[in-house]
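This is a walk through one structure, part by part. Have the sequence and the model open while reading.

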Amino acid sequence: MTPATTIALQSWMSDPGAQEILAVLAMADTPAALFVGGCVRDALLGREVTDVDIATIHAPEEVVRRLDAAGIGYHTIGADHGTVGAHAGERTYEITTLRVDVETDGRHATVAYTDDWALDAARRDFTMNALYADGAGNIHDPLGGMDDLTARLVRFIGDPHDRIREDALRILRFFRFNAQLDNTELDEAGLAACISHAPMLAGLSGERVRDELRKLLLSQSPARVFAVFATHDLLDDALSSLHDVAGLVALTRIEDQHTAPDFVRRLCALMGDASDPQPVATRLRLSRAETQKLEFLGQRRRDLEPAMPAELQRRQLFRLGPEAWRDQVLLNWAADTRHADANRTGAWVALLSLPETWPVPVFPLRGSDVLPLGVAPGPEISRLLTAVENWWIDGGFVADRKACLAALTQQVQA
């Protein structure tokens with residue numbers, strides 16, 4: 001292959017582990033292993049590269065043989081699909097044999113191995129993901145992905161309908177990449193194909209949908225994409241409540257200025273106030289912690305706003321804890337800027353920062369403090385601790401351990 005261009009050698013390219021793997025897979029008369037996909041795309045976009053994938057003409061068995069001979073550790077979890085994970089330095093490199101699709105059903109593909117780089121490129125999803133690079137920074141572009149990347153155009157390879165029929169997840173990937181590139185205009189042919197095949201999304205596993213939605217929601221401009229989803233009714237029934245685009249816009253603007261984005265918090269903003277979180281949590285196979293957080297955030301504490309008296313602020317912060325406090329404040333702040341007063345930024349910032357300006361105190365007593373007073377293990381311990389804790393809170397959180405123990409003794413003797 002003739003290089004389309006050359007870029008300055010990236011740190012992840014010159015990494016000794018990467019160079020060692022390329023050398024192990026090299027052949028004298030033909031390109032045998034090249035960096036591929038997201039790492040090449042992101043390098044060309046000037047973005048940080050996290051995952052490094054390598055494509056090779058060698059079958060998985062040959063990859064394993066060569067790694068063994070070189071003493072490089074590896075795992076073969078994905079070997080049935082042509083991928084071997086090589087451990088070199090501090091990275092794991094996914095090494096995948098060039099492939100062509102033999103049979104697809106919209107969720108899974110049966111593949112055959114090949115040594116033809118053009119055929120491997122043709123089976124990928126978007127032209128910008130069919131870019132390859134060697135260890136010297138030479139970029140190989142068999143399908144015109146460089147031009148599309150320069151134009152920020154997310155374009156399916158070949159017929160968009162065919163690509164989506166092969167794997168319906170590409171619908172979500174189409175929107176995710178557009179959101180990450182902050183595109184205002186979507187490729188018309190790609191968008192039309194996504195709309196046409198949207199019912200296929202219902203057949204995808206919750207895990208695959210969740211992982212793509214997570215990347216999409218944490219991208220630079222997710223609201224535009226969800227506006228398209230809402231306009232064309234693209235998400236399946238269980239996710240139909242993810243339509244409050246204005247709520248997402250308001251939240252992302254605040255997060256961009258004041259805190260890191262959060263997947264569950266943004267899900268909650270998209271759901272609005274009246275939606276049941278359970279169908280979303282079930283469809284996306286959220287973890288127990290994520291489900292509990294979504295349910296908790298769905299029950300908005302509307303009293304968390306700048307006009308709340310300082311004493312009540314501290315009570316609520318103690319009860320909620322810093323993380324839940326920030327989540328609730330951010331969602332209420334988003335609602336305020338959306339529906340009411342957009343000019344209270346300073347007051348909202350102060351409320352959001354309360355865990356830093358007033359570190360949450362720790363209640364001095366534990367259950368082990370009750371047992372020496374002759375109280376049997378059981379619910380009575382919890383009742384007594386709660387009574388003393390309420391007394392401690394009413395007193396402004398200032399009573400020390402000695403004073404709390406005295407109050408506990410009085411409760412036991414009462």
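Buried means under 20% relative accessible area, exposed over 50%, and partly exposed in between, with a 1.4 Å probe and protein chains only. Helices are DSSP runs of H or I with at least four residues, strands are runs of E with at least two, and both are numbered from the N terminus. The model is predicted: local features need pLDDT of at least 70, side-chain atom pairs count only at pLDDT 80 or more, and totals for chains, interfaces and linings use all residues. Residues are numbered from 1 along each chain as its sequence is written, and side-chain values use heavy atoms, with hydrogens and water left out.

Begin with helix α2, residues 16–25, where Gly-17, Ala-18, Ile-21, Leu-22, Val-24 and Leu-25 are buried. Seen down the axis of α2, these buried residues fall within an arc of 160°, so they line one face of the helix; the arc is that of the directions from the helix axis to the C-beta atoms. Pro-16 and Ala-23, on the other side of α2, are exposed.

Next come the aromatic rings. Rings of Phe, Tyr and Trp (its six-membered ring) pair if their centres lie within 6.5 Å; planes under 30 degrees apart count as stacked, over 60 as edge-to-face and the rest as tilted. By this rule there are 15 aromatic pairs. Phe-156 and Phe-174 form a stacked pair, 5.5 Å centre to centre with 10° between the planes. Phe-156 lies in the loop between α6 (145–150) and α7 (160–166) and Phe-174 in helix α8 (residues 169–180), so the pair ties together parts 18 residues apart in sequence.
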